[in-house]
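Hello,

Here is the structure I promised to pass on to you. Please have a look at it first, and then read my notes below.

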Amino acid sequence: MNSKTAKCDLLVIGSGAAGMAAAVKAASEGHSVIVAEKSEWLGGTTAISGGWAWVPGNKQGVAEGDTRQEVETYIKALSKDCFKAEMVETFLDEVPEAISWLERETDVEFVYPEMAPDYQMDAPGAKASGRAISGKAVDARTLGANRLRLRPYLDTYTVFGYMPEVGPDIAQFLHAKQSLRSFVYVSKKLLKTWVETVAFRRSFDRTNGNSLMVRMVSSAAKLGIRLWTGTPVTKILQDDDGVVSGAVLGGDHACTVEARLGVVIAAGGYSSDPSLRAQYWRHDPGGDNHFTPTVGHDGDNVRLAAPFGGHVDTRVHEPAAWAPVTVFTGLRGKTRVFPHLRAFGLPGLIAVNRRGERFANESSSYHDFGMAMIDDNVGEDRTIGYIVADSKAMRKYGIGYAKPWPIPQTYFKRTGFLHKAATVEELARKIGVDHTGLKNTLSEFNSGAAKGEDPKFRRGSNWFHHFKGDMEHKPNPNLAPLDKGPYYAARIEMGDLGAYSGLAVDRHSQVLDEDKQPIPGLFAAGSAAVSIFGGGYPGYGANIGPALVFGYTIGRDAARLADLRRNAPAREAALKGV
(Lines give C-alpha, C1' and ligand atoms only; values in the text may rest on other atoms or scores of the structure.)
Protein backbone atom coordinates (compact mmCIF):
# COMPACT_ATOMS: atom_id res chain seq x y z
CA MET A 1 0.00 0.00 0.00
CA ASN A 2 1.30 3.45 -0.86
CA SER A 3 2.76 5.37 2.11
CA LYS A 4 1.26 8.67 0.94
CA THR A 5 -2.18 9.47 2.28
CA ALA A 6 -4.84 11.91 1.08
CA LYS A 7 -8.07 12.69 2.86
CA CYS A 8 -11.48 13.70 1.56
CA ASP A 9 -15.12 13.26 2.37
CA LEU A 10 -16.15 11.56 -0.88
CA LEU A 11 -13.98 9.74 -3.42
CA VAL A 12 -15.48 9.51 -6.91
CA ILE A 13 -14.07 7.03 -9.43
CA GLY A 14 -14.66 8.29 -12.96
CA SER A 15 -15.34 11.73 -14.43
CA GLY A 16 -18.35 11.22 -16.70
CA ALA A 17 -21.85 12.53 -16.08
CA ALA A 18 -22.59 10.29 -13.08
CA GLY A 19 -19.30 10.88 -11.31
CA MET A 20 -19.27 14.62 -11.87
CA ALA A 21 -22.90 15.01 -10.77
CA ALA A 22 -22.08 13.23 -7.50
CA ALA A 23 -18.91 15.25 -7.03
CA VAL A 24 -20.46 18.64 -7.75
CA LYS A 25 -23.49 18.06 -5.54
CA ALA A 26 -21.40 16.76 -2.62
CA ALA A 27 -18.97 19.68 -2.91
CA SER A 28 -21.87 22.14 -2.96
CA GLU A 29 -22.91 20.70 0.41
CA GLY A 30 -19.53 21.64 1.82
CA HIS A 31 -17.83 18.26 1.49
CA SER A 32 -14.31 17.79 0.14
CA VAL A 33 -14.21 15.64 -2.99
CA ILE A 34 -11.57 13.87 -5.05
CA VAL A 35 -12.39 12.65 -8.56
CA ALA A 36 -10.00 9.91 -9.68
CA GLU A 37 -9.98 9.43 -13.47
CA LYS A 38 -7.72 6.72 -14.85
CA SER A 39 -7.38 8.20 -18.34
CA GLU A 40 -5.54 11.38 -19.28
CA TRP A 41 -8.86 13.06 -20.11
CA LEU A 42 -11.79 14.29 -18.07
CA GLY A 43 -15.35 13.64 -19.22
CA GLY A 44 -15.59 9.89 -19.77
CA THR A 45 -17.85 8.49 -22.48
CA THR A 46 -20.28 11.36 -21.84
CA ALA A 47 -17.79 13.73 -23.49
CA ILE A 48 -17.98 11.84 -26.81
CA SER A 49 -21.72 11.23 -26.64
CA GLY A 50 -24.68 13.16 -28.00
CA GLY A 51 -25.09 14.77 -24.59
CA TRP A 52 -28.83 14.15 -24.29
CA ALA A 53 -30.54 13.30 -21.01
CA TRP A 54 -33.86 11.42 -20.89
CA VAL A 55 -35.45 13.00 -17.82
CA PRO A 56 -39.27 12.81 -17.88
CA GLY A 57 -40.90 15.13 -15.40
CA ASN A 58 -38.70 18.07 -16.34
CA LYS A 59 -40.27 21.51 -16.58
CA GLN A 60 -40.96 21.27 -20.32
CA GLY A 61 -42.71 17.93 -20.05
CA VAL A 62 -44.82 19.12 -17.15
CA ALA A 63 -45.81 22.25 -19.08
CA GLU A 64 -46.81 20.09 -22.06
CA GLY A 65 -49.06 17.92 -19.90
CA ASP A 66 -46.88 14.81 -19.61
CA THR A 67 -48.03 12.74 -16.64
CA ARG A 68 -46.33 10.37 -14.23
CA GLN A 69 -48.75 7.61 -15.22
CA GLU A 70 -47.87 7.96 -18.91
CA VAL A 71 -44.16 7.80 -18.17
CA GLU A 72 -44.50 4.71 -16.00
CA THR A 73 -46.70 3.03 -18.60
CA TYR A 74 -44.08 3.70 -21.27
CA ILE A 75 -41.15 2.43 -19.18
CA LYS A 76 -43.10 -0.72 -18.24
CA ALA A 77 -43.74 -1.44 -21.91
CA LEU A 78 -40.02 -1.19 -22.72
CA SER A 79 -38.85 -3.05 -19.61
CA LYS A 80 -41.06 -6.05 -20.38
CA ASP A 81 -40.81 -8.46 -17.42
CA CYS A 82 -37.72 -6.69 -16.02
CA PHE A 83 -39.47 -3.58 -14.71
CA LYS A 84 -37.59 -2.18 -11.69
CA ALA A 85 -40.43 -0.48 -9.86
CA GLU A 86 -38.49 0.91 -6.90
CA MET A 87 -35.66 2.31 -9.04
CA VAL A 88 -38.03 3.84 -11.58
CA GLU A 89 -40.09 5.40 -8.79
CA THR A 90 -36.98 6.95 -7.26
CA PHE A 91 -35.75 8.21 -10.61
CA LEU A 92 -39.05 9.90 -11.44
CA ASP A 93 -39.31 11.34 -7.91
CA GLU A 94 -35.86 12.94 -8.18
CA VAL A 95 -35.78 14.23 -11.78
CA PRO A 96 -37.39 17.64 -11.09
CA GLU A 97 -35.11 18.44 -8.16
CA ALA A 98 -31.92 17.19 -9.81
CA ILE A 99 -32.37 18.99 -13.14
CA SER A 100 -33.60 22.19 -11.47
CA TRP A 101 -30.61 22.21 -9.13
CA LEU A 102 -28.10 21.65 -11.93
CA GLU A 103 -29.57 24.57 -13.87
CA ARG A 104 -29.92 26.84 -10.87
CA GLU A 105 -26.73 26.18 -8.90
CA THR A 106 -24.12 25.07 -11.47
CA ASP A 107 -22.85 26.16 -14.89
CA VAL A 108 -24.97 23.50 -16.57
CA GLU A 109 -27.54 24.74 -19.10
CA PHE A 110 -29.96 22.57 -21.02
CA VAL A 111 -31.79 22.98 -24.30
CA TYR A 112 -35.46 21.92 -24.35
CA PRO A 113 -36.15 20.98 -28.00
CA GLU A 114 -39.57 21.28 -29.59
CA MET A 115 -39.18 17.78 -31.01
CA ALA A 116 -37.28 14.88 -29.41
CA PRO A 117 -39.46 11.79 -29.85
CA ASP A 118 -39.28 8.76 -27.61
CA TYR A 119 -37.64 5.83 -29.39
CA GLN A 120 -40.74 3.62 -29.21
CA MET A 121 -43.41 5.98 -30.46
CA ASP A 122 -45.86 3.12 -31.02
CA ALA A 123 -45.65 2.02 -27.38
CA PRO A 124 -48.28 3.15 -24.85
CA GLY A 125 -47.32 6.34 -23.03
CA ALA A 126 -44.78 7.52 -25.63
CA LYS A 127 -44.35 11.25 -26.26
CA ALA A 128 -42.95 13.28 -29.15
CA SER A 129 -41.29 15.83 -26.85
CA GLY A 130 -40.85 16.94 -23.26
CA ARG A 131 -38.68 14.12 -21.94
CA ALA A 132 -35.28 14.45 -23.63
CA ILE A 133 -33.09 17.52 -23.12
CA SER A 134 -29.55 18.28 -24.22
CA GLY A 135 -26.55 20.25 -23.04
CA LYS A 136 -26.35 23.78 -24.44
CA ALA A 137 -23.35 24.58 -26.64
CA VAL A 138 -20.58 26.40 -24.80
CA ASP A 139 -17.27 28.17 -25.31
CA ALA A 140 -14.65 25.87 -23.79
CA ARG A 141 -12.49 28.82 -22.76
CA THR A 142 -14.66 28.95 -19.66
CA LEU A 143 -12.54 26.02 -18.46
CA GLY A 144 -9.34 28.03 -18.39
CA ALA A 145 -6.40 25.75 -17.70
CA ASN A 146 -8.67 22.68 -17.86
CA ARG A 147 -9.71 23.31 -21.48
CA LEU A 148 -7.28 20.82 -22.99
CA ARG A 149 -7.84 18.30 -20.19
CA LEU A 150 -11.35 17.55 -21.42
CA ARG A 151 -11.68 14.48 -23.62
CA PRO A 152 -11.84 15.41 -27.34
CA TYR A 153 -14.71 14.38 -29.59
CA LEU A 154 -14.84 10.92 -31.12
CA ASP A 155 -13.12 11.96 -34.33
CA THR A 156 -14.98 9.54 -36.59
CA TYR A 157 -18.23 11.22 -35.57
CA THR A 158 -17.27 14.78 -36.42
CA VAL A 159 -17.66 16.53 -39.75
CA PHE A 160 -14.07 17.62 -40.37
CA GLY A 161 -13.60 18.42 -36.71
CA TYR A 162 -17.00 20.00 -36.01
CA MET A 163 -19.62 18.04 -34.06
CA PRO A 164 -23.14 18.84 -35.32
CA GLU A 165 -25.97 18.78 -32.81
CA VAL A 166 -29.05 16.63 -33.36
CA GLY A 167 -31.85 18.87 -34.58
CA PRO A 168 -31.63 22.09 -36.62
CA ASP A 169 -27.82 22.09 -36.60
CA ILE A 170 -27.41 18.69 -38.22
CA ALA A 171 -30.27 19.49 -40.61
CA GLN A 172 -28.16 22.36 -41.98
CA PHE A 173 -25.33 19.92 -42.67
CA LEU A 174 -27.69 17.49 -44.42
CA HIS A 175 -28.86 20.23 -46.76
CA ALA A 176 -25.57 22.05 -47.34
CA LYS A 177 -25.64 21.02 -51.03
CA GLN A 178 -29.28 21.85 -51.64
CA SER A 179 -29.48 25.25 -49.91
CA LEU A 180 -27.21 28.29 -50.22
CA ARG A 181 -28.19 29.31 -46.71
CA SER A 182 -27.20 25.89 -45.34
CA PHE A 183 -23.97 25.93 -47.34
CA VAL A 184 -22.97 29.28 -45.83
CA TYR A 185 -23.93 28.09 -42.35
CA VAL A 186 -21.82 24.94 -42.64
CA SER A 187 -18.90 26.80 -44.20
CA LYS A 188 -18.78 29.25 -41.30
CA LYS A 189 -18.89 26.46 -38.73
CA LEU A 190 -16.11 24.50 -40.39
CA LEU A 191 -13.88 27.51 -41.04
CA LYS A 192 -14.16 28.64 -37.42
CA THR A 193 -13.37 25.11 -36.23
CA TRP A 194 -10.27 24.80 -38.44
CA VAL A 195 -8.85 28.23 -37.56
CA GLU A 196 -9.24 27.69 -33.83
CA THR A 197 -7.82 24.17 -34.02
CA VAL A 198 -4.69 25.38 -35.83
CA ALA A 199 -4.20 28.38 -33.54
CA PHE A 200 -5.28 26.93 -30.19
CA ARG A 201 -4.99 23.12 -30.60
CA ARG A 202 -8.74 22.65 -30.28
CA SER A 203 -11.83 24.58 -31.34
CA PHE A 204 -13.55 26.67 -28.69
CA ASP A 205 -17.16 25.81 -29.53
CA ARG A 206 -18.18 22.61 -27.76
CA THR A 207 -21.45 20.82 -28.49
CA ASN A 208 -23.34 17.67 -27.49
CA GLY A 209 -21.84 15.64 -24.64
CA ASN A 210 -18.65 17.66 -24.78
CA SER A 211 -20.55 20.83 -23.92
CA LEU A 212 -22.28 19.14 -20.99
CA MET A 213 -18.94 18.02 -19.58
CA VAL A 214 -17.33 21.43 -20.15
CA ARG A 215 -20.03 22.89 -17.93
CA MET A 216 -19.73 20.18 -15.28
CA VAL A 217 -15.94 20.37 -15.11
CA SER A 218 -16.19 24.16 -14.91
CA SER A 219 -18.58 23.81 -11.96
CA ALA A 220 -16.28 21.30 -10.27
CA ALA A 221 -13.26 23.56 -10.60
CA LYS A 222 -15.13 26.48 -9.02
CA LEU A 223 -16.02 24.27 -6.06
CA GLY A 224 -12.40 23.28 -5.51
CA ILE A 225 -12.87 19.61 -6.39
CA ARG A 226 -9.58 17.83 -6.93
CA LEU A 227 -9.67 16.42 -10.48
CA TRP A 228 -6.96 13.78 -10.73
CA THR A 229 -6.40 12.34 -14.22
CA GLY A 230 -4.03 9.47 -15.01
CA THR A 231 -5.04 8.00 -11.65
CA PRO A 232 -6.50 4.47 -11.66
CA VAL A 233 -8.07 3.03 -8.53
CA THR A 234 -6.55 -0.35 -7.78
CA LYS A 235 -8.37 -1.34 -4.60
CA ILE A 236 -11.27 -0.18 -2.45
CA LEU A 237 -10.75 -0.32 1.32
CA GLN A 238 -13.00 -1.17 4.27
CA ASP A 239 -12.57 -0.29 7.93
CA ASP A 240 -12.88 -2.75 10.81
CA ASP A 241 -16.65 -2.28 10.89
CA GLY A 242 -17.02 -3.27 7.23
CA VAL A 243 -17.66 0.27 6.02
CA VAL A 244 -15.96 1.36 2.80
CA SER A 245 -13.46 3.95 3.93
CA GLY A 246 -11.30 4.82 0.92
CA ALA A 247 -9.16 3.34 -1.82
CA VAL A 248 -5.66 2.76 -3.10
CA LEU A 249 -4.77 4.90 -6.12
CA GLY A 250 -1.99 4.46 -8.64
CA GLY A 251 -0.60 6.49 -11.51
CA ASP A 252 0.04 10.20 -11.34
CA HIS A 253 -1.49 10.60 -7.86
CA ALA A 254 -0.49 7.30 -6.28
CA CYS A 255 -1.61 7.28 -2.66
CA THR A 256 -4.09 5.87 -0.20
CA VAL A 257 -7.23 7.98 0.02
CA GLU A 258 -9.26 8.08 3.20
CA ALA A 259 -12.86 8.95 2.29
CA ARG A 260 -15.07 9.77 5.29
CA LEU A 261 -18.41 9.45 3.46
CA GLY A 262 -17.51 6.62 1.12
CA VAL A 263 -16.58 5.82 -2.48
CA VAL A 264 -18.61 6.25 -5.68
CA ILE A 265 -17.95 3.87 -8.58
CA ALA A 266 -18.79 5.84 -11.72
CA ALA A 267 -16.09 4.41 -13.95
CA GLY A 268 -18.32 3.04 -16.69
CA GLY A 269 -19.32 -0.56 -17.32
CA TYR A 270 -17.57 -3.60 -18.72
CA SER A 271 -18.19 -3.46 -22.47
CA SER A 272 -14.46 -3.22 -23.27
CA ASP A 273 -13.63 -6.37 -21.29
CA PRO A 274 -13.76 -9.51 -23.49
CA SER A 275 -14.01 -11.95 -20.57
CA LEU A 276 -16.96 -10.15 -19.00
CA ARG A 277 -18.71 -9.78 -22.35
CA ALA A 278 -18.24 -13.50 -22.92
CA GLN A 279 -19.83 -14.15 -19.54
CA TYR A 280 -22.89 -11.93 -19.94
CA TRP A 281 -23.55 -11.31 -23.67
CA ARG A 282 -25.02 -14.13 -25.73
CA HIS A 283 -23.73 -12.91 -29.08
CA ASP A 284 -20.10 -12.73 -27.88
CA PRO A 285 -19.23 -16.08 -26.24
CA GLY A 286 -15.59 -15.80 -27.31
CA GLY A 287 -15.17 -12.15 -26.37
CA ASP A 288 -14.16 -11.24 -29.94
CA ASN A 289 -17.50 -10.50 -31.63
CA HIS A 290 -18.12 -6.98 -30.34
CA PHE A 291 -16.55 -3.53 -30.82
CA THR A 292 -17.39 -0.66 -28.48
CA PRO A 293 -16.88 3.07 -29.03
CA THR A 294 -17.16 3.68 -25.28
CA VAL A 295 -14.04 4.76 -23.39
CA GLY A 296 -12.86 3.47 -20.03
CA HIS A 297 -15.55 0.79 -19.76
CA ASP A 298 -13.00 -1.85 -18.77
CA GLY A 299 -14.89 -3.69 -16.03
CA ASP A 300 -13.39 -1.76 -13.12
CA ASN A 301 -16.87 -1.54 -11.63
CA VAL A 302 -17.11 -5.33 -11.36
CA ARG A 303 -13.54 -5.93 -10.19
CA LEU A 304 -13.50 -3.19 -7.56
CA ALA A 305 -16.82 -4.21 -6.00
CA ALA A 306 -16.37 -8.00 -6.18
CA PRO A 307 -14.29 -8.39 -2.96
CA PHE A 308 -17.26 -7.07 -0.96
CA GLY A 309 -19.92 -9.14 -2.68
CA GLY A 310 -20.75 -6.58 -5.34
CA HIS A 311 -22.05 -8.35 -8.43
CA VAL A 312 -23.61 -7.83 -11.84
CA ASP A 313 -27.40 -7.57 -11.86
CA THR A 314 -28.52 -9.56 -14.91
CA ARG A 315 -32.24 -8.87 -14.48
CA VAL A 316 -32.44 -6.95 -17.75
CA HIS A 317 -33.78 -8.37 -20.98
CA GLU A 318 -30.92 -6.79 -22.94
CA PRO A 319 -27.50 -6.47 -21.23
CA ALA A 320 -26.38 -3.33 -23.08
CA ALA A 321 -27.50 -0.34 -25.10
CA TRP A 322 -26.79 -1.75 -28.57
CA ALA A 323 -25.40 0.31 -31.43
CA PRO A 324 -24.23 -1.09 -34.78
CA VAL A 325 -20.72 0.04 -35.71
CA THR A 326 -18.33 -0.11 -38.64
CA VAL A 327 -14.80 -1.13 -37.73
CA PHE A 328 -12.03 -0.10 -40.10
CA THR A 329 -8.30 0.62 -40.17
CA GLY A 330 -7.08 4.17 -40.60
CA LEU A 331 -4.26 4.98 -42.96
CA ARG A 332 -1.87 5.05 -40.00
CA GLY A 333 -2.81 1.50 -39.04
CA LYS A 334 -5.05 2.37 -36.08
CA THR A 335 -8.33 0.51 -35.61
CA ARG A 336 -11.22 2.96 -35.69
CA VAL A 337 -14.89 2.58 -34.82
CA PHE A 338 -17.86 4.50 -36.22
CA PRO A 339 -21.22 4.06 -34.43
CA HIS A 340 -24.23 4.19 -36.79
CA LEU A 341 -26.79 6.02 -34.67
CA ARG A 342 -28.77 7.73 -37.39
CA ALA A 343 -27.54 7.37 -40.95
CA PHE A 344 -29.39 4.30 -42.17
CA GLY A 345 -32.79 5.78 -41.40
CA LEU A 346 -32.28 8.18 -44.30
CA PRO A 347 -33.96 7.75 -47.71
CA GLY A 348 -32.17 5.46 -50.12
CA LEU A 349 -30.29 3.39 -47.52
CA ILE A 350 -31.18 -0.09 -46.27
CA ALA A 351 -29.54 -2.76 -44.13
CA VAL A 352 -29.22 -6.39 -45.23
CA ASN A 353 -27.75 -9.64 -43.91
CA ARG A 354 -25.55 -12.28 -45.57
CA ARG A 355 -28.53 -13.50 -47.55
CA GLY A 356 -29.11 -10.03 -48.97
CA GLU A 357 -32.36 -9.72 -46.99
CA ARG A 358 -33.56 -6.89 -44.78
CA PHE A 359 -33.89 -8.05 -41.17
CA ALA A 360 -35.08 -4.94 -39.29
CA ASN A 361 -36.68 -1.54 -39.52
CA GLU A 362 -33.71 0.72 -40.32
CA SER A 363 -35.53 3.72 -38.86
CA SER A 364 -35.97 2.14 -35.45
CA SER A 365 -33.57 3.10 -32.67
CA TYR A 366 -30.00 1.79 -32.84
CA HIS A 367 -30.80 -0.29 -29.74
CA ASP A 368 -33.85 -1.96 -31.28
CA PHE A 369 -32.01 -2.41 -34.57
CA GLY A 370 -29.14 -4.00 -32.63
CA MET A 371 -31.50 -6.47 -30.96
CA ALA A 372 -32.81 -7.50 -34.37
CA MET A 373 -29.27 -7.80 -35.74
CA ILE A 374 -28.21 -10.07 -32.88
CA ASP A 375 -31.29 -12.26 -33.36
CA ASP A 376 -30.70 -12.43 -37.11
CA ASN A 377 -27.16 -13.72 -36.60
CA VAL A 378 -27.93 -16.49 -34.11
CA GLY A 379 -25.91 -19.55 -35.15
CA GLU A 380 -23.40 -17.52 -37.19
CA ASP A 381 -19.76 -17.07 -36.21
CA ARG A 382 -19.95 -13.26 -36.53
CA THR A 383 -22.69 -10.71 -35.88
CA ILE A 384 -22.64 -8.68 -39.08
CA GLY A 385 -24.77 -6.88 -41.63
CA TYR A 386 -24.36 -4.31 -44.40
CA ILE A 387 -25.70 -0.85 -45.06
CA VAL A 388 -26.41 -0.44 -48.77
CA ALA A 389 -27.03 2.76 -50.75
CA ASP A 390 -27.34 3.75 -54.38
CA SER A 391 -25.55 6.69 -55.99
CA LYS A 392 -28.40 9.14 -55.28
CA ALA A 393 -28.32 8.48 -51.53
CA MET A 394 -24.53 8.35 -51.44
CA ARG A 395 -24.28 11.67 -53.24
CA LYS A 396 -26.83 13.35 -50.99
CA TYR A 397 -26.26 11.75 -47.55
CA GLY A 398 -23.23 9.48 -47.65
CA ILE A 399 -23.09 6.42 -45.40
CA GLY A 400 -22.23 7.48 -41.89
CA TYR A 401 -18.51 8.27 -41.74
CA ALA A 402 -18.27 8.16 -45.57
CA LYS A 403 -19.21 11.72 -46.48
CA PRO A 404 -21.36 12.65 -49.51
CA TRP A 405 -20.37 14.56 -52.62
CA PRO A 406 -18.26 16.64 -53.14
CA ILE A 407 -15.99 14.86 -50.62
CA PRO A 408 -13.74 12.39 -52.48
CA GLN A 409 -14.39 8.73 -51.69
CA THR A 410 -10.77 7.58 -52.03
CA TYR A 411 -9.96 7.69 -48.32
CA PHE A 412 -13.13 5.85 -47.25
CA LYS A 413 -12.46 3.09 -49.79
CA ARG A 414 -8.76 2.76 -48.92
CA THR A 415 -9.55 2.31 -45.23
CA GLY A 416 -12.07 -0.43 -45.99
CA PHE A 417 -15.02 1.55 -44.64
CA LEU A 418 -16.74 1.94 -48.02
CA HIS A 419 -17.28 -0.55 -50.83
CA LYS A 420 -18.35 0.47 -54.34
CA ALA A 421 -19.52 -1.43 -57.41
CA ALA A 422 -21.15 -0.59 -60.73
CA THR A 423 -24.01 -3.07 -60.31
CA VAL A 424 -25.98 -4.76 -57.55
CA GLU A 425 -24.51 -8.14 -58.50
CA GLU A 426 -20.95 -6.85 -58.37
CA LEU A 427 -21.51 -5.18 -54.99
CA ALA A 428 -22.98 -8.41 -53.58
CA ARG A 429 -19.90 -10.37 -54.68
CA LYS A 430 -17.53 -7.76 -53.21
CA ILE A 431 -19.10 -7.82 -49.76
CA GLY A 432 -19.95 -11.52 -49.68
CA VAL A 433 -23.73 -11.22 -49.84
CA ASP A 434 -26.06 -13.47 -51.83
CA HIS A 435 -26.62 -11.51 -55.04
CA THR A 436 -29.99 -13.05 -55.85
CA GLY A 437 -31.26 -12.24 -52.39
CA LEU A 438 -30.02 -8.65 -52.63
CA LYS A 439 -31.62 -8.14 -56.05
CA ASN A 440 -34.94 -9.51 -54.82
CA THR A 441 -34.76 -7.36 -51.70
CA LEU A 442 -34.17 -4.19 -53.68
CA SER A 443 -36.98 -5.02 -56.07
CA GLU A 444 -39.42 -5.55 -53.20
CA PHE A 445 -38.22 -2.53 -51.23
CA ASN A 446 -38.18 -0.14 -54.21
CA SER A 447 -41.75 -0.81 -55.24
CA GLY A 448 -43.03 0.33 -51.85
CA ALA A 449 -40.43 3.07 -51.26
CA ALA A 450 -41.46 4.86 -54.45
CA LYS A 451 -44.87 5.33 -52.83
CA GLY A 452 -43.45 6.15 -49.41
CA GLU A 453 -44.43 2.77 -47.99
CA ASP A 454 -42.65 -0.16 -46.33
CA PRO A 455 -45.12 -3.03 -45.89
CA LYS A 456 -42.46 -5.37 -44.45
CA PHE A 457 -41.25 -3.29 -41.47
CA ARG A 458 -43.39 -0.10 -41.51
CA ARG A 459 -40.32 2.09 -41.77
CA GLY A 460 -41.19 5.77 -41.74
CA SER A 461 -44.49 5.23 -39.94
CA ASN A 462 -44.04 7.42 -36.84
CA TRP A 463 -42.49 10.64 -35.57
CA PHE A 464 -39.30 9.04 -34.30
CA HIS A 465 -38.64 7.47 -37.70
CA HIS A 466 -39.20 10.82 -39.39
CA PHE A 467 -36.95 12.60 -36.91
CA LYS A 468 -34.14 10.25 -37.95
CA GLY A 469 -34.79 10.83 -41.62
CA ASP A 470 -34.80 13.81 -43.95
CA MET A 471 -37.89 15.82 -43.01
CA GLU A 472 -37.87 17.62 -46.36
CA HIS A 473 -37.91 14.42 -48.42
CA LYS A 474 -41.32 13.48 -49.88
CA PRO A 475 -43.53 11.51 -49.68
CA ASN A 476 -41.81 9.85 -46.72
CA PRO A 477 -38.76 11.24 -44.83
CA ASN A 478 -37.31 7.73 -44.53
CA LEU A 479 -37.91 6.08 -47.87
CA ALA A 480 -36.56 6.30 -51.41
CA PRO A 481 -35.83 3.58 -53.99
CA LEU A 482 -32.26 2.30 -54.49
CA ASP A 483 -32.19 2.11 -58.28
CA LYS A 484 -29.28 4.12 -59.64
CA GLY A 485 -25.74 2.76 -59.85
CA PRO A 486 -23.05 2.70 -58.80
CA TYR A 487 -23.96 1.07 -55.51
CA TYR A 488 -22.23 1.37 -52.14
CA ALA A 489 -22.01 -0.60 -48.90
CA ALA A 490 -20.50 -0.45 -45.42
CA ARG A 491 -20.16 -3.49 -43.20
CA ILE A 492 -21.68 -3.23 -39.71
CA GLU A 493 -20.94 -5.21 -36.59
CA MET A 494 -22.27 -5.06 -33.05
CA GLY A 495 -21.28 -2.30 -30.65
CA ASP A 496 -22.80 -0.58 -27.64
CA LEU A 497 -23.18 2.73 -25.82
CA GLY A 498 -22.75 1.20 -22.37
CA ALA A 499 -23.68 -1.93 -20.43
CA TYR A 500 -27.14 -2.22 -18.92
CA SER A 501 -26.29 -5.17 -16.66
CA GLY A 502 -24.16 -3.25 -14.17
CA LEU A 503 -23.67 -3.56 -10.42
CA ALA A 504 -26.75 -4.35 -8.37
CA VAL A 505 -27.76 -1.26 -6.37
CA ASP A 506 -30.63 -0.11 -4.18
CA ARG A 507 -32.71 3.07 -4.56
CA HIS A 508 -29.95 5.07 -2.82
CA SER A 509 -27.39 3.79 -5.39
CA GLN A 510 -25.69 1.74 -2.65
CA VAL A 511 -23.99 -1.33 -4.10
CA LEU A 512 -25.63 -4.55 -2.92
CA ASP A 513 -23.86 -7.73 -1.85
CA GLU A 514 -24.93 -11.27 -2.72
CA ASP A 515 -27.49 -11.19 0.11
CA LYS A 516 -29.01 -8.01 -1.38
CA GLN A 517 -27.74 -5.95 1.54
CA PRO A 518 -26.12 -2.52 0.99
CA ILE A 519 -22.33 -2.44 1.22
CA PRO A 520 -21.94 0.54 3.59
CA GLY A 521 -20.18 3.48 2.00
CA LEU A 522 -20.03 2.04 -1.52
CA PHE A 523 -22.11 3.61 -4.31
CA ALA A 524 -22.41 3.09 -8.06
CA ALA A 525 -24.07 5.13 -10.81
CA GLY A 526 -24.07 5.54 -14.58
CA SER A 527 -23.08 2.50 -16.65
CA ALA A 528 -21.31 1.11 -13.59
CA ALA A 529 -24.75 0.35 -12.12
CA VAL A 530 -27.61 -1.70 -13.53
CA SER A 531 -29.94 0.21 -15.85
CA ILE A 532 -33.25 1.22 -14.32
CA PHE A 533 -35.05 0.57 -17.64
CA GLY A 534 -34.78 -3.22 -17.52
CA GLY A 535 -33.02 -3.55 -20.86
CA GLY A 536 -35.21 -1.11 -22.81
CA TYR A 537 -34.00 2.13 -24.37
CA PRO A 538 -36.69 4.80 -23.93
CA GLY A 539 -35.23 7.78 -25.81
CA TYR A 540 -32.40 10.21 -26.40
CA GLY A 541 -30.14 10.21 -23.35
CA ALA A 542 -31.34 7.01 -21.69
CA ASN A 543 -27.88 6.52 -20.19
CA ILE A 544 -27.03 10.12 -19.23
CA GLY A 545 -30.43 10.99 -17.72
CA PRO A 546 -30.25 8.42 -14.89
CA ALA A 547 -26.50 9.09 -14.52
CA LEU A 548 -27.16 12.75 -13.74
CA VAL A 549 -30.09 12.07 -11.43
CA PHE A 550 -28.56 9.24 -9.39
CA GLY A 551 -25.18 10.98 -9.32
CA TYR A 552 -26.96 13.98 -7.84
CA THR A 553 -28.74 11.93 -5.18
CA ILE A 554 -25.49 10.21 -4.15
CA GLY A 555 -23.82 13.60 -3.64
CA ARG A 556 -26.85 14.85 -1.72
CA ASP A 557 -27.38 11.80 0.49
CA ALA A 558 -23.90 10.38 1.16
CA ALA A 559 -23.48 12.37 4.41
CA ARG A 560 -26.98 11.51 5.66
CA LEU A 561 -26.43 7.80 5.03
CA ALA A 562 -23.08 7.96 6.82
CA ASP A 563 -24.74 9.62 9.83
CA LEU A 564 -27.42 6.94 9.89
CA ARG A 565 -24.74 4.24 9.97
CA ARG A 566 -22.82 5.93 12.76
CA ASN A 567 -25.92 6.52 14.87
CA ALA A 568 -27.48 3.11 14.29
CA PRO A 569 -25.67 1.35 17.19
CA ALA A 570 -26.78 4.04 19.67
CA ARG A 571 -30.37 3.80 18.47
CA GLU A 572 -30.32 0.01 18.71
CA ALA A 573 -28.89 0.18 22.24
CA ALA A 574 -31.56 2.69 23.26
CA LEU A 575 -34.32 0.48 21.86
CA LYS A 576 -32.99 -2.54 23.73
CA GLY A 577 -33.04 -0.56 26.98
CA VAL A 578 -36.69 0.40 26.59
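Domain bounds here come from an automatic or database domain assignment. With those bounds, the chain splits into domain 1 (3-160 + 202-266 + 497-564) and domain 2 (323-493). Taken over C-alpha atoms, the centres of domain 1 and domain 2 are 34 Å apart. Their contact (heavy atoms within 4.5 Å) takes 20 residues from domain 1 and 21 residues from domain 2.

Some background before the details. This is a predicted model, where local features need pLDDT of at least 70 and side-chain atom pairs count only at pLDDT 80 or more, while totals for chains, interfaces and linings use all residues. Residues are numbered from 1 along each chain as its sequence is written, and side-chain values use heavy atoms, with hydrogens and water left out.

**Inside the protein**

A nonpolar core is a set of buried Ala, Val, Leu, Ile, Met, Phe, Trp, Tyr and Cys residues joined through side-chain atoms within 4.5 Å. Buried means under 20% relative accessible area, exposed over 50%, and partly exposed in between (1.4 Å probe, protein chains only). The largest core has 112 residues, and Leu 11, Ile 236, Ile 265 and Leu 522 touch the most other members. Helix H16 (residues 544-577) gives the most to this core, with eleven residues; helices (H or I, at least four residues) and strands (E, at least two) are DSSP runs numbered from the N terminus. Both domain 1 and domain 2 supply at least three residues each to this core. Another core, of 36 residues, lies apart from it and includes Leu 174 and Phe 328.

Leaving out residues up to four places away in sequence, Ile 236 touches, among others, Ile 13, Val 263, Phe 308 and Leu 522.

**Salt bridges**

Side chains of opposite charge can pair when their charged atoms come close. A salt bridge is a side-chain nitrogen of Lys or Arg within 4 Å of a carboxyl oxygen of Asp or Glu, and the whole structure has 45 of them. One joins Arg 556 and Glu 97 at 2.9 Å, N to O. That pair links distant parts of the chain, with Arg 556 in helix H16 and Glu 97 in helix H4, 459 residues apart. Arg 556 is partly exposed because its relative accessible area is 23%, and Glu 97 is partly exposed at 35%.

Another salt bridge, at 2.6 Å (N to O), joins Asp 483 and Lys 392. Asp 483 lies in the loop between H15 and S17 and Lys 392 in helix H11, so this pair ties together parts that are 91 residues apart in sequence. Salt bridges that share partners also join Lys 38, Asp 273, Asp 298, Asp 300 and Arg 303 into one network.

**Backbone details**

Most residues other than glycine have a negative phi, and most peptide bonds are trans. A cis peptide bond joins Trp 405 and Pro 406, with omega about 10°, and Pro 406 is in the loop between helix H11 (391-396) and helix H12 (410-414). Gly 485 and Pro 486 are also joined by a cis peptide bond, with omega about 0°. Lys 516, although not a glycine, has a positive phi of about 65°. Lys 516 counts as exposed because its relative accessible area is 63%.

Happy browsing!
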